[in-house]
Amino acid sequence: MKQLSLYFHFPFCLKRCRYCDFVSYPRRDRYIHLKYKEAVFQEIGWKVEEENLRGAKLSTIYLGGGTPSLLFPEDVGEILDYLQHFFTFSSSIEITMEVNPETVNEKKINSLQKVGVNRLSVGVQSFNPRFLRFLGRSSSSEQVKDILLQMEKSGYCSWSLDLIYSLPWQSFGEWQKEIEQVLVYRPPHLSIYNLTLSPLVPLYQFAKYHPGVFPSPEEEAFYFEWATEKLEREGYRHYEISNFAQPGAECHHNLNYWKEGEYLGVGVSAWSYLGGKRQKNTSSLKNYFQRIKKGKTPITFQEELEPYQKLAEDIILHLRTKEGITVSYLLTRYEREKIEVKLKCLEYLSQEGFIIREGERFYLSNKGILVANQIFQEILD
Amino acid sequence: MDRNKIRNFGIIAHIDHGKSTLADRILEICGAVPKEKMKEQFLDRMELERERGITIKAKAVRVEYFSPSRGEKYILNLIDTPGHVDFSYEVSRSLAACEGVLLVVDASQGVEAQTLAHAHLAISQGLVILPVINKIDLPSANPERAMREVEAILGEEHLPFTLVSAKSGTGIEELMEKIVQFIPPPRVEDSPFLRALIFDAVYDSYRGAIPFIRVKEGEIKKGMEIMMFSTRRSFPVLEVGVFTPEMKEVNSLGPGEVGYVVANIHHLEDSQVGDTITSPSFPAPSPIPGYKKVKPLVFCSFYPVNYEDYSRLKESLERLQLNDASLSFETDFSEALGFGFRCGFLGLLHMDITQERIEREFGVEVVATAPHVVYHVLTKKGEILEVRSPRDFPFPSEIEEMEEPYVEMSITLPTEYLGGVMDLCQSRRGIFKDMVYLSEHLVLLRYDLPLAEILLDFYDRLKAISRGYASLEYEFVGYRPAKLVRVDILVNREIVDGLSFISPEENAYYRGKELISRLRELIPRQLFPISLQAAIGGKIIAREDIPALRKDVLQKCYGGDITRKRKLLEKQKEGKKRMKAVGKVRIPQEAFLAVMKSEK
């Protein structure tokens, strides 16, 4: 039976954060949330038929956004029920929902668990009020701490929090404090990102005019290396470039992306990867509604990779993980002579210390992780 | 055709003083171009010319003008001339086809160095000068001052000035009448020979090179044979015609007339600006005087950004050469940049424009190396070398003597910037010659300067120091002794071809140091540490290091990011491919261009 992951995009927030380039609209009225949910249901129905997915086994579901925690628990339950009409849920299914601290409380957390969500990803970003304000977050540091206390007490088998670093005038001491705060709550899973600003976000201009206020690449590298060491000493595995987990708490939904697994994405701006094709839905909410209403597919972009692109992408995605990539995996999917070239490249990078080779397995060294972009470019050739 | 009703004239002006707009108005008043078809600056046919507001190639248009005061119709041949010093040979040839010129001066800017140079050129050719003060409707216009300055440079009073605004059309009728009144009809000597001057040419892929000519004596007709004086090759005339401004066939071109000849000419050397056309069966005893083969003064190499474009680059240079006799090129090879062409130009603008035309008209992206001059080196063995590129420069121990080209630079500037401009000239090894006050506020300064010193940023510096008010003009005056060294740049201990440069000994150390600190900024940090060194003949004079890249990582990459990130990586990868690899190091083209801009 076909096995896949499902991503559900919820494109609404209380307000837009100043660094965020995900598709989201600042609408909190339930009416529009429900209207949107109905539209997505339509889309799911069509795509299941179109892609012949009926009866497929879902190994993970991810409700991302936006702020999906604006949904009422019963709405979330309805979504999960609706999915059960089309798919079988694997017995070990991972159902993650992103939550923002200001939109949930103890009761809501427990209700979400009751309707089937078994993993929460808490959008913390920072414990420092100055940085929360800078990022334009809706939550205060008190709300953040409150919710994390609830998470510790709750019965969730897994949960995660996000942190952002490389913020303006962020000292090493401040960064140490952030990591120490994290360790107070000991989340099973943790994502660490450096602030990356797309030209579309309000903070981009700020960064453009004040590049000097951000930590230098040297400092960033140092912050990241320090955090990695500290977290590893505390029992976390650095299992992907920007993700850390206690043993067994890795995010299976995301691992599926990095292992070039198939997934169905629904909702505004969601991507799917099915049968070798990458497809993207429209990024405009208005357009999405119009298309669904007219019975038109919301897909506005589609690509099917050339074999050489696919091979490079496959290696690059796998190299993001600590597992890395094995020769035998490649041999099951690609022609030997195509692989040879890439292996030579991996071999060369391992001689230079950017990649570690263990038997037939290749993975990024700590030095390699910091310059992963450059390594990936080498592999693209 | 009644020869007395012909007027051949050109327009000379400093850049931006409104020459092309004035030409437009003249065409318009003569009805040559219907108003609705009138694009701004009709004569500037090349897109590049329109954008930069300058004329690169000379052109000619024949229009009919009915003079209301005389009640008669005249044929006017307007011969447009390039406005820049680099093209002064072309200007002189264009002027040779005229009897008079309109000397256009901007009423607010006044006289500039180029106005002066061109005016003197016109005087030396015995042309009638009609001064035109343009842009009189600008709030900053000071026509009185401009007129006084023109009188000062021409050394004459009571000139027949016309005050116009080419933009609004004010004064144009008056100017037209003056053209007819003051510019004489072509002088024609009765002669049994055919002599016609080539003052420009265009290339047409079907009809070959088409010379633009002014017939001095005799007549050219379809069906006859013509011969080029310099190559002695003959061609059958397929068509003769005039510019209206579109090409229009006519039966014949007689003495004093201006037009074009189609004669199936497919080699550049058979259609050289300045050459004389005569008849093979009854050749004139001598050509029209003044023809010279122009010698390029400034050299640089062009390399295609993409290796595959090499043959297209060659083709585009050949095509450009067809109507630009002053452009020369030969094959060149650089370890860093691959195969390319070493090209010779009249000056910096000529170089710039050639590069832009290659990129724009032929779609070939090129890397240009530093512009340089030809040095003369006398070796200890007694050989005289023409050193065109840093690569040909001998080892210091082999050199007996060296010399470099000098120019005489004329700069006009408002008096308040005199100090700064003189400092600039001194710092560029300039030798002061003289200084003349053109008016109370305007000074003409003359220096002898090594040509190499003005190739880099002299013009920009001059403009900056004088807040844009100074203008310059220069003329080659010959070779003089010099003390020079070659500075090499080593990247990870390998000499990088294309980064070397020849420098006067006195500032080689400073320039080497300056260049590598710029390279340090321009070469991106890479996976490996990079050392940069500047050296003279094996002796290291400066060093900088670029540490290895510490961090370059795509932070998050989930389902929706994969395609975007892959495209981003592919794009970055493409960018890297365009860089030149020296060992493990990739050097971006900006680094090579930095040698060009290296400040002193």
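This passage describes the fold of two chains and the contact between them.

The structure is a predicted model, in which local features need pLDDT of at least 70 and side-chain atom pairs count only at pLDDT 80 or more, while totals for chains, interfaces and linings use all residues. Residues are numbered from 1 along each chain as its sequence is written, and chains are lettered from A and ligands numbered from 1 in the order in which they are written.

Chain A contains 15 helices and 15 strands, and chain B contains 14 helices and 33 strands; helices (H or I, at least four residues) and strands (E, at least two) are DSSP runs, numbered from the N terminus. Of the 381 residues of chain A, 44% are buried, and for the 600 residues of chain B the figure is 48%. Here a residue is buried if 20 or more other C-beta atoms lie within 10 Å of its own, exposed if 12 or fewer, and partly exposed in between, with C-beta atoms placed from the backbone. Two residues are in contact if their C-beta atoms, placed from the backbone, lie within 7 Å. In chain A, 70% of the contacts between residues at least 6 apart in sequence join residues at least 24 apart. For chain B, residues 24 or more positions apart make up 70% of the contacts with a separation of 6 or more.

Where the chains meet, 21 residues of chain B are in contact with 31 residues of chain A.

Strand E1 (residues 3-10) of chain A pairs with E9(A) in the parallel sense over four bridges, and Leu6(A) stands opposite Leu264(A). Two strands pair if DSSP finds at least two bridges between them.

Another group of strands in chain A forms an open sheet of three strands, in the order E13-E15-E14 and with antiparallel pairing. Strands E13 (325-326) and E14 (355-358) of chain A each have a single partner strand, so one side of each is left without a neighbour in the sheet. E14(A) and E15(A) (residues 361-364) are joined by four bridges, and Arg357(A) has Phe362(A) in E15(A) as its bridge partner.

Helix H13 (residues 336-351) of chain A lies across E14 and E15 of chain A, at about 110° to E14(A). Axes are lines fitted to C-alpha atoms, for helices over the stretch in contact, and angles run from 0 to 180 degrees between N-to-C directions. H13(A) also meets H15(A): their axes come within 9 Å and cross at roughly 150°. The contact brings Lys342(A), Cys345(A) and Leu349(A) of H13(A) to Ile375(A), Glu378(A) and Ile379(A) of H15(A). These residues divide into four nonpolar, no polar and two charged.

Helix H11 (residues 307-319) of chain A packs against H15 (residues 372-380) of chain A at about 155°, with axes 9 Å apart. Ala312(A), Ile315(A) and Ile316(A) of H11(A) make this contact with Phe376(A), Ile379(A) and Leu380(A) of H15(A).

How values were computed:
Ala, Val, Leu, Ile, Met, Phe, Trp, Tyr, Cys and Pro count as nonpolar, Asp, Glu, Lys and Arg as charged, and the others, Gly among them, as polar.
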